[in-house]
Amino acid sequence: MEQPLFATERDPRLRLIIPIIVAIAFLMEQLDSTIITTAIPAIARSLDTTPVRLNLAITTYILTLAVFIPVSGWFADRFGARRVFALALFTFTLGSALCGMANSFGMLLAMRALQGLGGAMMTPVGRLILLRSFPRSRLITAMTYMTLPAIMGPVIGPLLGGLLTTYASWRWIFYVNVPFGCLGILAALRFVDDFHEEAVQRFDFAGFLMVGCGVALLQFGLESIGRPIIPVSATVLVLAAAVLLLLAFGRYARRVVAPAVDLTLFRFRSFWVGTLAGGLCRVGLNGVPFLLPLMLQVGFGMSPVTSGSLTFVGSFGALLIRPLLSPLLRRFGFNVVLIGSALVGSAAVGGFALIGADTPHWMIGLYVFVFGIIRSAQFMTSNTLSYADLPADKLSRATSLGGVLQQLSVSLGVSIAAMVLGLVAGETHIVTPERFHQVFLLTAIIPLLSIPGFLYLRAEDGLQVSGHVRAGNSRK
């Protein structure tokens with residue numbers, strides 16, 4: 001019997017159109033996690049509040065993402081991926097426009113929550129659309145388009161936010177999403193297939209409450225470590241409650257036919273290695289986009305625009321590695337690329353300790369560019385591996401769970417970097433270049449901790465995606 005063709009096989013134009021649609025959505029979501037940071041002082045003056053209180057605008061957005069990402073797969077199965085994706089784009093775009101129109105602190109927080117709701121549905125469902133539009137043999141191409149915005153967003157965000165705030169208005173950091181969102185909605189309705197499952201299990205509301213509250217508390221606790229929102233003792237209690245809720249869900253999920261989050265996905269070796277071991281490596285690498293601009297501005301006295309320009313160079317490294325990844329995986333396989341990028345990534349993070357105030361800007365830019373290549377190789381490879389061997393009926397739930405773990409790896413990376421910086425600075429809270437150097441050296445240890453997980457990979461893992469076969473070791 002003939003197998004039904006994927007959308008990208010029926011119409012070769014979609015090999016570019018669909019990834020562009022999804023990549024734009026991902027980039028908007030990633031940008032809005034960071035673009036507001038450089039505009040906080042201007043927004044605070046405009047809305048008659050303090051910069052410290054305005055940190056809640058960042059936290060509200062991230063918390064809403066964390067709560068609703070786990071159930072996005074169920075909504076896609078129930079109502080159709082195209083419909084949910086277009087609705088998510090509309091919600092995000094509407095929230096962006098209303099954020100730009102906000103005339104009070106309360107309205108801004110409410111609209112940031114609306115943005116987060118749209119982003120929570122947009123990202124995992126967009127990932128699902130990519131996975132179901134490409135055959136497994138072209139999955140690397142699809143996943144690189146998905147990963148690029150996640151790598152570039154945190155780097156571009158502060159620079160773009162600073163430019164728009166300086167030369168236009170802080171409101172434009174939100175208005176800039178509107179034309180892209182409208183274009184994405186029209187393109188999604190025109191070009192994306194409406195994937196859905198014929199039989200969808202009843203929505204697990206109890207499980208959703210446990211996971212949603214657990215992830216929200218965990219995310220809030222991590223945010224409070226990096227940007228103190230509540231006292232340390234309260235932060236510890238919040239994190240403990242989060243762990244207890246998630247453990248309770250783990251026991252509950254064993255007794256339910258279709259839990260809100262499918263923990264059986266961890267039975268697939270490529271999924272748990274890609275998400276857990278890969279996530280641990282990303283935690284170590286994700287501290288750099290937070291630490292480097294601080295060191296350049298606070299430690300070396302650079303302006304926000306100069307600092308943003310230097311960190312932005314890392315985005316070009318992400319672009320360069322994309323066409324090289326497929327040949328690398330065919331030649332060496334997933335385990336070698338993952339272990340190698342973890343080792344080199346650890347060395348690269350530690351290498352930032354060698355940068356000083358007198359280091360030429362071109363040399364800093366070149367080093368950031370090289371680090372961008374290494375970081376992108378690790379991210380793209382682990383993301384591709386996560387979905388390489390999953391059956392089609394598991395993809396919607398896998399994208400939801402993978403989205404939660406990816407979001408947590410970003411938050412945990414920033415929080416750990418901020419916590420280590422606070423510990424190194426001590427009671428004086430004075431952060432000198434030497435303090436930053438110590439933090440880079442300490443966080444460089446984290447990627448090495450992921451290597452034991454990568455060693456669990458076997459020759460056949462991800463084989464249908466990478467096409468790599470080891471001589472004399474193709475079967476286990």
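The following questions and answers examine selected features of a predicted model.

Me: How are residues numbered, and what pLDDT is needed for local features?
Reply: Residues are numbered from 1 along each chain as its sequence is written, and side-chain values use heavy atoms, with hydrogens and water left out. In this predicted model, totals for chains, interfaces and linings use all residues, side-chain atom pairs count only at pLDDT 80 or more, and local features need pLDDT of at least 70.

Me: Is Thr-123 buried or exposed?
Reply: Thr-123 is found in helix 7, residues 105-133; helices are DSSP runs of H or I with at least four residues, numbered from the N terminus. A residue is buried under 20% relative accessible area, exposed over 50%, and partly exposed in between, with a 1.4 Å probe and protein chains only. The relative accessible area of Thr-123 is 12%, so Thr-123 is buried.

Me: Which residue is joined to Thr-123 by a polar contact of their side chains?
Reply: Contact means heavy atoms within 4.5 Å, and Thr-123 touches Phe-26 and Glu-29, not counting residues up to four places away in sequence. A polar contact is a pair of N or O atoms within 3.5 Å; within protein, one must be able to donate a hydrogen and the other to accept it, and residues adjacent in sequence count only if both atoms are side-chain atoms. At 3.3 Å, such a contact joins the side chain of Thr-123 to that of Glu-29.

Me: How many residues of helix 19 are buried?
Reply: Met-419, placed in helix 19, counts as partly exposed because its relative accessibility is 37%. The helix as a whole is mostly covered, and of its 31 residues the number buried is 23.

Me: How are the rings of Trp-172 and Tyr-175 arranged?
Reply: Rings of Phe, Tyr and Trp (its six-membered ring) pair if their centres lie within 6.5 Å; planes under 30 degrees apart count as stacked, over 60 as edge-to-face and the rest as tilted. By this rule there are 17 aromatic pairs. In the pair of Trp-172 and Tyr-175, the centres are 5.5 Å apart and the planes stand at 85 degrees, so the arrangement is edge-to-face.

Me: Which helix holds both Trp-172 and Tyr-175?
Reply: Trp-172 is partly exposed because its relative accessible area is 45%, and Tyr-175 is partly exposed at 25%. The two residues are three residues apart, about one turn of the helix, and both lie in helix 9.

Me: Is the pair of Phe-203 and Phe-208 stacked, edge-to-face or tilted?
Reply: Phe-203 is partly exposed, with a relative accessible area of 23%, whereas Phe-208 is buried at 13%. Both belong to one aromatic cluster, together with Phe-68, Trp-74, Phe-75, Phe-79 and Phe-205. The ring centres of Phe-203 and Phe-208 lie 5.8 Å apart with planes at 50 degrees, so the pair is tilted.

Me: Is Asp-48 buried or exposed?
Reply: Asp-48 is found in the loop between helix 3 (40-46) and helix 4 (51-68). Its phi is near 55 degrees, a positive value in a residue other than glycine. Most residues other than glycine have a negative phi. With a relative accessibility of 73%, Asp-48 therefore counts as exposed.

Me: Is Thr-49 buried or exposed?
Reply: Thr-49 is found in the loop between helix 3 and helix 4. Leaving aside neighbours within four places in sequence, Thr-49 is in contact with Ala-44, Leu-54 and Phe-105. Its relative accessibility is 14%, so Thr-49 counts as buried.
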